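Dear colleague,

Please have it open while you read.

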Amino acid sequence: MELTNKEELRNEILQSWLRDAWVYPLQGPDNQTYLRLTPGGRLKMRRRIGELEEALGVKGDDLAREEEAGTLPAERDKLELAMMVQAYTFERRFMESQGAALGTPAVALGE
């Protein structure tokens with residue numbers, strides 16, 4: 001079954017990340033559920049970002065900006081790459097805000 005709705009694609013991608021243990025749900029202070037990357041998920045995501053960027057011939061941070069602007073087409077690989085960049089960047093920013101010293105990022109999505 002081919003999914004063409006971006007929301008359906010996004011949900012399918014998040015479910016695959018949950019099944020593969022790349023993310024885990026966390027209850028936030030405002031009673032909302034957030035997805036955090038597992039340590040192994042961060043490593044796998046770094047590798048997969050590079051693979052997808054090479055295969056698609058586009059930078060993930062460019063796709064993430066398109067997704068934020070609402071102009072990214074409903075293509076699974078491009079949407080997944082954009083989501084990975086957003087999740088990876090958010091996770092790094094969160095960890096750094098908690099005082100963690102991290103190495104060089106795989107991608108860097110600007111403020």
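Where does Asn-31 lie? In this predicted model, Asn-31 is found in the loop between β1 and β2, the latter covering residues 33-37. Its phi is near 65°, which is a positive value in a residue other than glycine, and Asn-31 is exposed, because its relative accessible area of 64% is over 50%. Ala-21 also has a positive phi, near 60°, and is likewise a residue other than glycine; Ala-21 sits in the loop between α1 (6-19) and β1 and is partly exposed, with a relative accessible area of 44%.

Strand β1 spans residues 23-27 and contains Leu-26, which is partly exposed at a relative accessible area of 37%. Together with Tyr-24 and Tyr-34, Leu-26 makes a nonpolar surface patch of about 260 Å².

Turning to the aromatic rings, the count comes to two pairs. In one of them, the rings of Trp-17 and Trp-22 have centres 6.5 Å apart and planes at 20°, so this pair is stacked, as the angle is under 30 degrees; both Trp-17 and Trp-22 are buried. The rings of Phe-90 and Phe-94 have their centres 6.5 Å apart and their planes at 20°, and therefore this pair is stacked. Phe-90 and Phe-94 both belong to helix α4 (residues 76-97), where they are four residues apart, about one turn of the helix. Phe-90 is partly exposed at 48% relative accessibility, and Phe-94 is partly exposed with a relative accessible area of 31%.

Technical notes:
Residues are numbered from 1 along each chain as its sequence is written. This is a predicted model: local features need pLDDT of at least 70, side-chain atom pairs count only at pLDDT 80 or more; totals for chains, interfaces and linings use all residues. Side-chain values use heavy atoms; hydrogens and water are left out. Patches are made of residues with over 30% relative accessible area and no salt bridge: like charges are joined within 9 Å, nonpolar side chains (Val, Leu, Ile, Met, Phe, Trp, Tyr) within 5 Å. Accessible areas come from the Shrake-Rupley method with a 1.4 Å probe; for residues, only the protein chains shown count as cover. A salt bridge is a side-chain nitrogen of Lys or Arg within 4 Å of a carboxyl oxygen of Asp or Glu. Helices (H or I, at least four residues) and strands (E, at least two) are DSSP runs, numbered from the N terminus. Buried means under 20% relative accessible area, exposed over 50%, partly exposed in between (1.4 Å probe, protein chains only). Rings of Phe, Tyr and Trp (its six-membered ring) pair if their centres lie within 6.5 Å; planes under 30 degrees apart count as stacked, over 60 as edge-to-face and the rest as tilted.
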